Amino acid sequence: MSAKKLRADLIPPQLASLRPYIPGKPIEEVERELGLEAIKLASNENPLGPSPKAVEAMRAALTESHRYPDAAGYYLRQRLAERLAVSMEQITLGGGSTELIQLTTRLLLGPGLEGLTSQYSFLVFAQSVQAVGTRLVEAPMKAWGFDLEALASRLTERTRLVYIANPNNPTGTLVRATEVDRLLARLPDSAVLLLDEAYCDYVDEPDYSHSLDYVRQQRNVLVLRTFSKVYGLAGLRVGYGMGHPQLIAALDKIRSPFNVSRLAQVAALAALDDEEHVRRSVESNRRGLELFAREIPRLGLTYVPSHANFFFLETGNDAEQDFKALLRMGVIVRPLAFMGLPRALRVTVGTEEENRRVLEALKKLVTTRQPRSELVRGQPA
Ligand SMILES: *Cc1c(COP(=O)(O)O)cnc(C)c1O
C-alpha cells in the first residue's frame, strides 16, 4: 500500500494541538523488562480487586453474551434511583463516567462558547472542551485545590459548562458543599455545573457535598459517579450521570444506545449491593492514607492531604526521573509532566504490602538522588 496522506483539512483543526492520552506499558511488559514483579499504582484502581459478588453475577451472565444489553439500563437505573432517592428520569448510564463528560461537552459546547474549569484538574475536561473547538478557560488553584471564587469570577455569558472534580484528580483535594452552594447561586441559567464525584465513597467529611439535593431540586447540574473506583470495576467501563430530566433526555439522544455492556450492567448491579466490599475498600484506603500522611513528610517530600484513593506528591525534583527510578524498583506511579506539573507524581493507595513497598522505594529514591536545593518548586500561587 502506498503511504498516502489524508487531506489536510479532513481532521478538524482544533485536534492538531490536542495530545492523545498516552497509556503506560502493560504491567506484564514492565515486569518482563525488569525481571521482577511490579506493582501498578498509576491509575487509581481498587487494590482489593472487583467486588466478588460482581464477579459471580458476571459468571452467571456470560452465556447471555450473544444478546445486546438493555439499552435503557432499566434495572441498574432503578436500583440507583432507589438507593439515591432521585427519579429514574434523572439518571443516565455511560461507558465509564468519562464518556459522560465527553457527551455532555459535545451536547452543550461548540465554537464561540466557553468551558470553565481549574488548572490541574482532570485532563478529560480540557481535552473534551478542546476537541469540540470550544475555548477552555482555566481558573488558578489555591493550595492545590479548586478556588471557586476564582472560578466564579470567570463566568461569562458564553460559559455553558463548568467542570469540578470533587475530590480533584490529581491533587486529591476537596471543595466544601457550602462553597459549591455559593457557586451554584452565582451560576447563570445559561450554564450547567458538572460535578465529577468519582471518589465520593472515600470522602470522610460531614460538609462534603449537596450534589444529590441539587439533582432533586432540578438545578442546572450533572453529577457524575463511577463504578471504576471503590467498586473495582474500571475494566468494565460503567458510570452514571444524574441531573435535570431534560438534560438527561438530551444525553440519551446522543449516546450510543448500547454504551454500557451487558456484563457491566450486571456487575454494577451486584456491586451496588456488596456493602462489605465497599466497606473493606474504604477502610483499607483510609489506613493507607494515614500511613502515607505520617511517613511521606519524614522523607522530606511534600505530601498534599488526600480525600481520594491516591495522593499527590511534590518530589522537588524532575518527576520523570523519579518515575523512572521508581519503575526500576518495580513501582509504577504516574508522573504529571503531561499536565504541566513536572515536579509532581500521583500515587494510588495500594494494599498494605504495596504501600510499604512504595515507601521503601521512595526512601531509596530520596537517599540516592541529587540534592534538591537549586530546584524551584512548582507550587501555584
Ligand atoms: C477515575 C476518574 C473518573 C472515572 O472514570 P471512568 O470513565 O468512570 O472510569 C472520572 N473522573 C475522575 C476525576 C477520575 O479520576
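User: Where is Trp144 found?

Analyst: Trp144 is found in the loop between β5 (141-142) and β6 (145-146). Keep in mind throughout that this is a predicted model.

User: What is phi of Trp144?

Analyst: Phi of Trp144 is near 65°, a positive value in a residue other than glycine. Most residues other than glycine have a negative phi. Ala85 is also a residue other than glycine with a positive phi, near 55°.

User: And where does Ala85 lie?

Analyst: Ala85 lies in the loop between α3 (74-84) and β2.

User: What about the peptide bonds, which kind joins Asn169 and Pro170?

Analyst: The bond between Asn169 and Pro170 is cis, with omega about 20°. The bond from Asn166 to Pro167 is cis as well, and there omega is near -5°. Most peptide bonds are trans.

User: Where are those two prolines?

Analyst: Pro167 lies in the loop between β7 and α7. Pro170 is placed in the loop between β7 and α7 too.

User: New topic, the ligand. Which residues surround the ligand?

Analyst: Asn169, from one of the cis bonds, is among the residues around the ligand.

User: How many of the shell residues are nonpolar, polar or charged?

Analyst: By class, the shell has 3 nonpolar, 6 polar and 3 charged residues.

User: How far is a polar side-chain atom of Thr226 from an oxygen atom of the ligand?

Analyst: That distance is 2.6 Å for Thr226. For Arg237, an N or O atom in the side chain is 2.6 Å from a ligand oxygen. Ser97 uses its backbone instead: a polar backbone atom of Ser97 is 2.7 Å from an oxygen atom of the ligand.

User: How much of the ligand does the protein bury?

Analyst: The ligand exposes 390 Å² when taken alone, and the protein buries 93% of that.

User: Back to Thr226. What stands opposite Thr226 in β10?

Analyst: Gly239 stands opposite Thr226. Thr226 belongs to strand β9 (residues 221-226), which pairs with strand β10 (residues 239-243) in the antiparallel sense over 5 bridges.

User: What is the strand order in the sheet of 7 strands?

Analyst: The order is β2-β10-β9-β8-β7-β3-β4, in an open sheet with mixed pairing. At the edges are β2 (91-94) and β4 (135-139), each of which pairs on one side only. From one strand to the next, the twist averages 20°.

User: Which strands does helix α7 touch?

Analyst: Helix α7 (residues 177-186) packs on this sheet and touches β7 (159-165), β8 (192-196) and β9. The direction of α7 makes about 160° with that of β8.

User: There's an open sheet of 4 strands too. What is its order?

Analyst: The order there is β11-β12-β15-β14, and the pairing is antiparallel. Its edge strands are β11 (302-304) and β14 (334-335), each pairing on one side only.

User: How many bridges join β12 to β15?

Analyst: Strand β12 (residues 310-314) and strand β15 (residues 344-348) are joined by 5 bridges. In this pair, Glu314 stands opposite Ala344 in β15.

User: Last one: what angle does helix α12 make with β15?

Analyst: Helix α12 (residues 319-328) runs at about 35° to β15, and lies across β14 and β15.

Notes. Residues numbered from 1 in each chain as written. Predicted model: local features only at pLDDT ≥ 70, side-chain atom pairs only at ≥ 80, totals over all residues. Heavy atoms only, no water. Near = heavy atom within 4 Å. Polar contact = N/O pair within 3.5 Å; in protein donor to acceptor, adjacent residues only side chain to side chain. Areas by Shrake-Rupley, 256 points an atom, 1.4 Å probe, with all protein chains shown as cover. Nonpolar A, V, L, I, M, F, W, Y, C, P; charged D, E, K, R; others polar. Pairing = 2+ DSSP bridges. Axes fitted to C-alpha atoms, helices over the stretch in contact; angles between N-to-C directions. Contact = heavy atoms within 4.5 Å.
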